[in-house]
Amino acid sequence: MAFKLVLIRHGQSVWNKLDRFTGWSDVDLSPQGVEEAKKAGRLLKQHSFVFDHAYTSVLTRAIKTLHFALEEADMTWLPVTKNWRLNERHYGGLQGRNKEDTREDFGAEEVHEWRRAFMTRPPMLSEYDSRYPGKDERYRDVNPEELPLGEALADTLDRVLPYWEEELRPRIQAGERLVIAAHGNSLRALAKNLEDLSDDKVVSLEIPTGKPLVYELDEQTLKMKKKYYLGEENSGGNWFSFLFNK
């Protein structure tokens, strides 16, 4: 029987709604995002999912998504670990800027490159910028050399994969059932590893907000055997639920 891992991209945030670059900026869920998170929890409950441990980033929109989902699934008792390595990609100097305004200032092609190229970093922050993570209390125990001033998706992968290897992978191999509520790009980093995606394919991978994504993983390699979203017609319903909780 394959191991299972459930990923949830946080619900719509207030800056998603305003079409702003968010990154490590700590913004809340929009009302729609709250409902998306609750719906995710209802789907988990409907399909009888039970977990041993939950993970999320240190950003409010992911934390609240996990909270609302677990509340709807009657699993608020679940132990939760928050870690900065599951944060969204850091968008550097773009953070807080409206995407359309940025296209007007820098050109659509340049902005597309910043958003979608695997190796291209956005304009970087300085350590004197108020948005620099070193000024945020939640990162007080993180080595300043590890705090980004801006990231390409490749950089996000470089900080997520060590956490996968050191923390997440051993728990899954020990038989623990995990759920991770995080962000589009940190989840892309996990998906790239699980699915052996190329650099080109991972940047085009779309993960919708608030939909539980279930991975069935090979017991030896922890590579993807199958994936599906709960609530989709082809998800297999309670049969997949039985396999997960067997």
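# Notebook: pocket, strands and salt bridges

I looked up the largest pocket and noted a volume of about 390 Å³. The model is a predicted one, in which local features need pLDDT of at least 70, side-chain atom pairs count only at pLDDT 80 or more, and totals for chains, interfaces and linings use all residues. Residues are numbered from 1 along each chain as its sequence is written, and side-chain values use heavy atoms, with hydrogens and water left out.

I wrote down the rule for a pocket: on a 1 Å grid over the protein atoms alone, it is an open set of points where a 1.4 Å probe fits, with protein on both sides within 12 Å along at least five of seven lines, and lining residues have an atom within 4 Å of a point. For the volume, grid points are joined across faces, edges and corners, and the space filled by probe spheres set on the points is taken.

Which residues lie nearest the centre of the largest pocket? I found Arg9, Glu88, Tyr91, Lys99 and Arg115 there, out of 23 lining residues. By class, I noted eleven charged, six polar and six nonpolar residues in the lining. Here Asp, Glu, Lys and Arg count as charged, Ala, Val, Leu, Ile, Met, Phe, Trp, Tyr, Cys and Pro as nonpolar, and the others, Gly among them, as polar.

Helices α1 (14-17), α5 (108-116) and α7 (184-195) each supply at least two residues of this lining. The most comes from α7, with three residues. Helices (H or I, at least four residues) and strands (E, at least two) are DSSP runs, numbered from the N terminus.

Is strand β1 (residues 3-9) buried or exposed? I found seven of its seven residues buried, so β1 is largely enclosed by the rest of the structure. Buried means under 20% relative accessible area, exposed over 50%, and partly exposed in between (1.4 Å probe, protein chains only). From β1, Phe3, Leu5, Leu7 and Arg9 point one way, while Lys4, Val6 and Ile8 point the other way.

I then looked up the neighbours of β1; two strands pair if DSSP finds at least two bridges between them. With β5, the pairing is antiparallel over five bridges, and valine 6 stands opposite valine 214. With β4, β1 runs parallel, joined by five bridges. Isoleucine 8 has alanine 181 of β4 as its bridge partner.

Strand β4 (residues 178-182) runs parallel to β2, and four bridges join them. I noted isoleucine 180 in β4 as the bridge partner of tyrosine 55. Strand β3 (residues 80-82) also pairs with β2 in the parallel sense, over three bridges. There, threonine 56 has lysine 82 as its bridge partner.

I also noted that β2, helix α3 (residues 60-72) and β3 make a right-handed β-α-β unit. Right-handed means that, with the strands pointing away from the viewer, the path from the first strand over the helix to the second runs clockwise.

Side chains of opposite charge can pair when their charged atoms come close. A salt bridge is a side-chain nitrogen of Lys or Arg within 4 Å of a carboxyl oxygen of Asp or Glu. How many are there by this rule? I recorded 21 salt bridges.

One of them joins aspartate 26 and arginine 138, at 3.0 Å from N to O. Aspartate 26 lies in the loop between α1 and α2 (31-46) and arginine 138 in the loop between α5 and α6 (153-173), so the pair ties together parts that are 112 residues apart in sequence.

Glutamate 195 and lysine 227 also meet in a salt bridge, again with an N to O value of 3.0 Å. This pair links helix α7 with strand β6 (residues 224-229), 32 residues apart. Glutamate 195 is buried at 17% relative accessible area, and lysine 227 is partly exposed at 30%.

Serine 48 is not a glycine, yet I noted a positive phi of about 60°. Serine 48 is in the loop between α2 and β2 and is partly exposed, at 43%. Leucine 222 has a positive phi too, near 55°. Its place is in the loop between β5 (213-217) and β6, where leucine 222 is buried with a relative accessible area of 1%.
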